[in-house]
Amino acid sequence: GLIIIMASNSTSQDDGPSLRTVSSAAIFNLPLYEHYLVIDTRPIEEYQAGHIATAVSFPSQKENNQEKIDNDRLYHFAREYANEYCRPENANPVVIYGSRENELSLSHAKCLAESLCQLQIQRKSVTLYDPQQMNEDSFDPLETFCETVADKVKEIWIIEGGYESFLREYPFLCGNVQFEDMFPTPHLITPQLFLGSRVVPLTCDCLIKMNISHMIVSEYQKIDWKELDNIVTLRCKVKDDSKENMIPCWEASCEFIDEAVINGGHVLVILHGRSRSASIILAYLIKKLGVDFEVSWKQLRDSCWHLIDRSLIYEMQLKEWERTHVYAIPDR
């Protein structure tokens with residue numbers, strides 16, 4: 001049979017992934033559509049009744065919160081996952097959640113997180129082989145999965161508030177959602193402001209699911225405007241050109257966003273691609289928060305892991321915008 005070899009006896013926590021408690025928004029912003037390893041530690045009945053999209057089940061088997069997960073059980077979970085998915089497309093971070101109402105599942109989530117940390121700490125994971133069948137060309141999905149966890153996982157995230165918190169904020173990504181029913185989602189930058197991209201579907205059904213009420217787009221984009229009949233839209237006269245004067249667009253957008261937020265709306269910015277759209281978000285953060293360009297850039301990048309091409313965000317114009325709205329000397 002298969003033999004599991006744990007190499008290295010290192011137990012230094014500095015060598016393993018870090019544990020973090022994160023908000024539901026951080027999980028939404030991954031995004032889930034891109035196939036991360038998400039583990040649900042609630043009882044199997046609760047998982048079957050509804051779970052976060054793409055999550056797999058690893059419930060507690062104890063009746064108290066003193067569970068210690070042994071290697072055999074972790075091995076069995078990894079084998080089942082590997083047989084169905086091989087390995088997550090994106091290995092970092094691993095996401096784990098329990099139930100806010102169930103202390104046992106929350107305790108189990110933390111215990112599982114610590115076990116995965118140890119899996120990595122005990123060296124390049126688990127080396128698996130069958131002495132009678134293994135050769136240079138052999139491929140074992142379980143070995144590949146374990147090596148992926150060991151070599152690529154840098155952080156393990158535990159969702160603050162558990163499943164209930166995520167369900168309350170993103171119900172369209174909960175239940176028994178099939179992967180084929182999912183779609184690329186925007187990034188939530190502030191509680192009511194989303195950064196979109198060319199791949200976010202601009203259909204009535206998707207926008208309603210995301211609770212989008214307002215949008216900022218360009219007049220020059222190819223959009224089926226009938227799909228946006230129920231969306232309050234600001235159409236900026238901006239071409240996908242680095243020579244555009246963005247100041248009028250930013251001024252109109254900031255006013256538009258402020259009014260939408262005051263009225264409880266949710267704004268999606270899709271001005272051509274992600275990087276052009278980011279310029280509007282940055283201008284809004286600079287003006288609204290009174291922060292400089294670098295601070296607003298860091299906040300944006302902390303929320304959006306995806307590539308934003310800094311050469312496409314009109315940086316020089318944003319720095320002039322910063323001088324006007326942050327460092328301007330008031331009239332005496």
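# A walk through a predicted protein model

The protein exposes about 17,000 Å², and carbon and sulfur atoms supply 47% of that area; accessible areas come from the Shrake-Rupley method with a 1.4 Å probe, and for residues only the protein chains shown count as cover. This is a predicted model, in which local features need pLDDT of at least 70 and side-chain atom pairs count only at pLDDT 80 or more, while totals for chains, interfaces and linings use all residues. Residues are numbered from 1 along each chain as its sequence is written, and side-chain values use heavy atoms, with hydrogens and water left out.

Let us begin with confidence. The predictor's confidence in each residue is called pLDDT and runs from 0 to 100. Its mean over the protein is 82, and 82% of the residues reach 70 or more. Over residues 1–14, however, the pLDDT is below 50, and this stretch has 38 contacts in the model beyond near neighbours in sequence; a contact means heavy atoms within 4.5 Å. Residues 123–131 also have a pLDDT below 50, with 37 contacts in the model beyond near neighbours in sequence. Where pLDDT is low, the predicted coordinates should not be read in detail.

Now for the overall build. The protein has 11 helices and 14 strands; helices (H or I, at least four residues) and strands (E, at least two) are DSSP runs, numbered from the N terminus. Of its 332 residues, 52% count as buried, where buried means under 20% relative accessible area, exposed over 50%, and partly exposed in between (1.4 Å probe, protein chains only). Among the contacts with a separation of 6 or more, 71% are accounted for by residues 24 or more positions apart.

Next come the helix pairs. Two packed helices are described by the angle between their axes and the distance between the axes. Axes here are lines fitted to C-alpha atoms, for helices over the stretch in contact, and angles run from 0 to 180 degrees between N-to-C directions. The axes of α9 (residues 274–289) and α11 (residues 315–325) come within 9 Å and cross at roughly 20°. These two helices are therefore roughly parallel to each other, given that angles under 35 degrees count as roughly parallel, over 145 as roughly antiparallel, 65 to 115 as roughly perpendicular and the rest as oblique. The crossing of α9 and α11 is right-handed; a crossing is right-handed if the near helix is turned clockwise from the far one by less than a right angle, and left-handed if anticlockwise. On the α9 side the contact is made by Ser279, Leu282, Ala283, Ile286 and Lys287, and on the α11 side by Leu318, Trp321, Glu322 and His325.

Helix α11 also meets α8 (residues 247–262), where the axes come within 11 Å and cross at roughly 55°. This makes α8 and α11 oblique to each other, and their crossing is right-handed. Ile247, Trp250, Glu251 and Cys254 of α8 make the contact with Gln317, Leu318 and Trp321 of α11.

Staying in this region, look for isoleucine 280 in helix α9. At 1% relative accessibility, isoleucine 280 counts as buried. Not counting residues up to four places away in sequence, isoleucine 280 touches Ile216, Cys249, Trp250, Ser253, Ile257, Val269 and Leu271. The C-alpha atoms of isoleucine 280 and glutamate 251 are separated by 9.2 Å, although the two are 29 residues apart along the chain.

Two other helices are worth a visit. In α6 (residues 162–169), the buried residues are Gly162, Tyr163, Glu164, Ser165 and Phe166, and their cover includes α1, β4, β6, β8 (155–159) and β9 (174–175). Glutamate 143 is found in α5 (residues 141–152) and is buried, with a relative accessible area of 14%.

Finally, turn to the backbone. Most residues other than glycine have a negative phi, and most peptide bonds are trans. The peptide bond from leucine 30 to proline 31 is cis, with omega near -5°, and proline 31 lies in the loop between α1 (24–28) and β3 (36–40). Asparagine 92 and proline 93 are likewise joined by a cis peptide bond, with omega about 0°; proline 93 is in strand β6 (residues 90–97). Threonine 54 has a positive phi, near 75°, in the loop between β4 (51–52) and β5 (56–57). Tyrosine 314 has a positive phi near 60° and sits in the loop between α10 (293–303) and α11, where tyrosine 314 is buried with a relative accessible area of 7%.
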